[in-house]
Amino acid sequence: MSDSAQTLSALRGRLAEGMAGGCESGHGFFVSGHGPLDACLKGGFQRGQLHEVFAGDAEDNGSASGFAAMLGLCAMQPGKSMLWLRTLAAVRRGGRFNPAGFAELGGDPSTLLMAIAQDETALLRCAADALRCDGFGVVVIECRGSPAILDLTASRRLTLAADHSGVTAVMLRLDAREQPSTASTRWLVRSAPASPLEAGAPGYPTLDLTLLRQRAGPAGREWKVEWDRDAKSFRPPSQVRHGIERSRRTAPLPGAVVPVPAIGQAMARARARLIA
Amino acid sequence: MRLVSLNRAAVEAGLAPGLGLADARAIVPELAIHHHDPVADAELLDRLADRCTRYTPMVAVEPPDGIMLDITGSTHLAGGEGPLVQAVQGHFADWRITVRLAPGSSAEAAHALARFGHGEAGGEQATIRALPVAALALDPESELALRRAGLKTVGDVLDRPRKVIAARFGPASVYRLERLVGVSAKPIVPRSPAPRRRFRRRFAEPIASHDYAIGIVRELLAEANLRLVEEDLGGRAFEARFFRVDGLVRHLRVETGLPTRDEAAIARLFDERLDSLADPLDPGFGFDSVELEVLQVQSLKPSQEDIEGEARSDSPLAGMLDILATRLGRNRLLRFGPNDSYIPENGQIPSVALDTPEACIWPRPQVGEPPARPLHLFDPPQRITVISEVPDGAPRRFRWRRKLHDVVRQEGPERIAAEWWKGSDDPLGRDRLTRDYYRIEDSDGRRYWVFRHGLHAREVASPEWYLHGLFA
């Protein structure tokens, strides 16, 4: 009896060690750049772990995939590639991947590889294998809907593979409901109104993030973040852009000024910056 | 247009090569013509020459329409010279190709007999003597001079002293003459097809075990690697063929992005390929042989081991990409290169990642600007209905997927004209509509990329609106 109790406690100890090892992966962190968010995650996102991104609504798919790409860019290490895995159905429904748009978010499309699987089974198999290869820095897995195959086992497999190689996995779940998983963090992404630029132009990518789940940590917090393409990091959204203040301060242009129609807004903004 | 070559019926009707098409039509109104395609002819000739390797390995092509076979030492395979000629004739007759065949003791003799002979009456020498001087294949001036001198046949020239012939018609005529009659000989230059790296294992008894057949492939891989090491080559494409007793042959093909001699890696690719087969490799009544061919090779120098005695491996990425490409299909693993086009959906060249190992340089976006292009583009763009203040103004409200959105902020238009320098048959070329792109944000804080298709009143009466992408 005492023997079995001892064995049990030993087993418990080993499990606890294993869990601790799983949580505190030895691959370090990458920071989002948003102070309170990183603080809540105890220093940042863990490398070599699975991070899940859910879209709030079908219309937030653009924001959610954008956030997945941004997270990938935060996690990227120099000299490594990013792999983006999609299914054929995703291409049909969500549209074609646009490398120029990836560049506009701050990424380098030449380091990006796109793999298109015929179904979710192939997608997850490829993801698990790709995660084992440390030639990739980040693997983004775009999975639409809630396939039955994406269960706890599949997610555990991905986590183990990622932990083994230190590759960060970003699981992008579009049109999906929450399923149990072994993800390190789980995010709900909604689009948020951006602070406008000069001439009322839409501003920088602004997202409402909800931390739905964090392994071994508090969850449920919400942040509004803005993506800074040039620094490849998130920042708190600023209410008023400096550019506007400055353009307001500048004296009106000398000479006959043609009222700037909507056509010239981008130009007007560039001019305002030049003058400022 | 002139006639280049004719069939027998056309020649009998009185036509000749070089005749103008109009003249030829005047003679034979129902003339059927095909455009002259020398490249296709050369390809056909090459293919036919390939087929002829079944009779002898020494096959040379004589453009534009000749094939020379050196059958020395290989006639007994067909049972003698006569049966061989018949076999060749029969083979080409199956393909409905008319051939003129002539065996000769030298290449020139065979050439002359095939082109100028009319069946052998006596011995070969007698036939050659009866050939016209054109069979010497001299330049037209010398040929004309020979005929002017009254030397009509090869025999006439042969009877004259060589010295006289050489002095009067040039040394080339003597060389040709001696080769024609077989006094001197020049070997033919056979086509040298790239050596095929094929490794085959035949079995005394058909094997019905799937696993054993796969094991044989691994053994053949080891054999192939020995050969590749000798040649300093690495394989880029491998094909395994499984020959079943009932005649069915299954092919498995794998490719790698970098040349490799790594048996384990290639075997793993074959395993991947086997897993992704729609219908599994069925041995049926058994395989009687298994073959492995290295289809494509590339130079691969042996790499030096580093100081710790471990062989340096290429980036682990290459192996992974091979596996993914084998599993998903090579066209499903892509890398993107920039395309010099302003049309958004055309601004990229997706290329197969296996074929493009080197990265290309993308232009950097302007610092400080918000993203001007969305991450995904709807293909095709999704139709929306738009209300705007003026017909050529910015959208104020739009309906997408049956939901109404109020536009709060907008920027634009970014006008992208069709590529007028391309022809009107091009899907993006001239006569296509100009697009006015707007970046807009609705009252819920979502950002969209929409465009008006066509300029109001100038290109179309009432332009359509489309949603092309969602911004983050």
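Trainee: Into which domains is chain B divided in this predicted model?
Mentor: Chain B is divided into domain 1 (8-36), domain 2 (40-101), domain 3 (122-193), domain 4 (198-303 + 314-325) and domain 5 (377-470).

Trainee: How do you know that domain 2 of chain B and domain 3 of chain B are in contact?
Mentor: Contact requires heavy atoms within 4.5 Å, and 9 residues of domain 2 of chain B are in contact with 4 residues of domain 3 of chain B. The area buried between these two domains is about 550 Å², with carbon and sulfur atoms giving 61% of that area. On the side of domain 2 of chain B, Met58(B), Val59(B) and Ala60(B) supply 48% of the area buried against domain 3 of chain B, more than any other three residues.

Trainee: How many salt bridges does the rule find across the interface of domain 2 of chain B and domain 3 of chain B?
Mentor: The rule finds 0 salt bridges there, although the residues of domain 2 of chain B that touch domain 3 of chain B divide into 6 nonpolar, no polar and 3 charged.

Trainee: Why is Arg229(A) called buried?
Mentor: Buried means under 20% relative accessible area, and Arg229(A) counts as buried because its relative accessibility is 7%. The side chain of Arg229(A) reaches the backbone oxygen of Gln366(B) at 2.6 Å.

Notes. Residues are numbered from 1 along each chain as its sequence is written. Chains are lettered from A and ligands numbered from 1 in the order in which they are written. This is a predicted model: local features need pLDDT of at least 70, side-chain atom pairs count only at pLDDT 80 or more; totals for chains, interfaces and linings use all residues. Side-chain values use heavy atoms; hydrogens and water are left out. Buried means under 20% relative accessible area, exposed over 50%, partly exposed in between (1.4 Å probe, protein chains only). A polar contact is a pair of N or O atoms within 3.5 Å; within protein, one must be able to donate a hydrogen and the other to accept it, and residues adjacent in sequence count only if both atoms are side-chain atoms. Domain bounds come from an automatic or database domain assignment. Buried area is the accessible area (1.4 Å probe) that two parts lose on being put together, summed over both. A salt bridge is a side-chain nitrogen of Lys or Arg within 4 Å of a carboxyl oxygen of Asp or Glu. Ala, Val, Leu, Ile, Met, Phe, Trp, Tyr, Cys and Pro count as nonpolar, Asp, Glu, Lys and Arg as charged, and the others, Gly among them, as polar.
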